[in-house]
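We will go from one stop to the next, picking residues as we go.

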Amino acid sequence: MAPDIHGDDPILRLNGVTKHYPLTRGILFKRPSGAVRAVDGVDLELRRGETLGLVGESGCGKSTLASVIMGLESPTAGTVTIDGRDLSLMDRRELQSMRRRVQMVLQDPYTSLDPRLTVGEIIAEPLVIHPGTAPRARRERVAELLQMVGLDPSHGKRYPHQFSGGQRQRVGIARALALGPDLLVCDEPVSALDVSVQAQVLNLLADLRTRLGLACLFIAHDLAVVHYLCDRIAVMYLGRIVETGTRAQLHGSAHHPYTRALLSAVPLPDPTARHHGEEIILEGDLPSPAAPPSGCRFRTRCPYARPRCAAEEPELTVRPGTSHPTACHFPLASPVPAALTPP
Ligand code: SF4
């Protein structure tokens, strides 16, 4: 029987997660001179079996947030709880057990696999690091994982350079699944792949998620990719979540101008078709997270900015006339954009 993929307990909860990197000035006598505010007060929840998409431009803090969730970096403030246990309060044994249950699929399948190891050794690595599996059982598990990700078990003897990009990403996914995790953090897992291969890897992730009942935090800069795979979507801009809702809510009635700009950038299947509603073309670059704009961080690129936007930072909340939380003083009442398609 397929596992219950939408249990109510959050497997992952972020409360006010903040990650600042201090900046210093001076060569001999270093003085603090501010901070890079990579992540600034993020609240998110991910339930069992659910796929949450985290979308935003490069440099908005998505990958830093993934590192904090994985325990690779400590938050400057806020808490990360996994199954109700605060990550910062876990002892060594709890951390080890948590690492079995939370695994990561990395962005670049070309650099994330050790070229000196065979694919079988790469996939078996987590089973060796977390002992308890006999060598024969390990070999059987590697063969099972290769099959699970659509590769031939005999490929375990080959080296990463003998595989295509898509196949290498399948190997990365097999390694992430080796310990039977409950939560998969996928950091831009298809952005380094050809468009033709992206759909295959996305289909594989969708299939594995359903079959194994995995919760998945899926990080991407492309809203079409996130839309295809995710139940809920959180949009991040310059270290903060600016809009969050179900796939249908964001697709049908995005209220934040930044989300609308991301939607406007999604190519439509019919070149003669137009997005419904007003398109917003994103201009300029992401401001520096070391000196974010006052008030609303999106105001320097927002076509709807008014004086209040510079004076007051908008809270992420459900406002009158909106169906889901949006961090905008003047949320857009939006008509439905045309259908999104996977790549
Ligand atoms: Fe634009 Fe103002 Fe809304 Fe920010 S708060 S997104 S600047 S309208």
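Select His-256, Pro-257, Cys-296, Phe-298, Cys-302, Tyr-304, Ala-305, Cys-309, Cys-328, His-329 and Phe-330: these residues line the largest cavity. This is a predicted model, where local features need pLDDT of at least 70, side-chain atom pairs count only at pLDDT 80 or more, and totals for chains, interfaces and linings use all residues. Residues are numbered from 1 along each chain as its sequence is written, and side-chain values use heavy atoms, with hydrogens and water left out.

What is a cavity here? On a 1 Å grid over the protein atoms alone, a cavity is a set of points where a 1.4 Å probe fits but cannot get out; lining residues have an atom within 4 Å of a point. Points are joined across faces, edges and corners, and the volume is the space filled by probe spheres set on them. The largest cavity has a volume of about 90 Å³. The count is two cavities of 30 Å³ or more. Its lining, for the largest cavity, has nine nonpolar, two polar and no charged residues. Nonpolar means Ala, Val, Leu, Ile, Met, Phe, Trp, Tyr, Cys and Pro; charged means Asp, Glu, Lys and Arg; the others, Gly among them, are polar.

Next, go to the largest pocket. A pocket is an open set of points with protein on both sides within 12 Å along at least five of seven lines. The largest pocket has a volume of about 420 Å³. Of its 19 lining residues, select the closest to the centre: Met-70, Val-102, Gln-103, Met-104 and Arg-175. Strand E6 (102–105), H3 and H5 each supply at least two lining residues. Helices (H or I, at least four residues) and strands (E, at least two) are DSSP runs, numbered from the N terminus. The pocket lining divides into 11 nonpolar, five polar and three charged residues.

Now select helix H3 (residues 119–129) together with H5. They pack at about 30 degrees, with their axes 7 Å apart. Axes are lines fitted to C-alpha atoms, for helices over the stretch in contact, and angles run from 0 to 180 degrees between N-to-C directions. H3 and H5 are therefore roughly parallel; that word covers angles under 35 degrees, while 65 to 115 is roughly perpendicular, over 145 roughly antiparallel and the rest oblique. Show Val-119, Ile-122, Ile-123, Glu-125 and Pro-126 in H3, which meet Val-171, Ala-174 and Arg-175 in H5. Contact means heavy atoms within 4.5 Å.

On the H3 side, pick Val-119, Gly-120, Ile-123, Ala-124, Leu-127 and Val-128; on the H4 side, Arg-138, Arg-141, Val-142, Leu-145 and Leu-146. This contact has eight nonpolar, one polar and two charged residues.

Last stop: helix H5 (residues 165–177) and helix H6 (residues 195–212). Their axes come within 10 Å and cross at roughly 20 degrees. H5 and H6 are therefore roughly parallel. Select the contact residues, including Ile-173 and Leu-177 of H5 and Leu-204 and Leu-208 of H6. By class, the contact has eight nonpolar, three polar and one charged residues.
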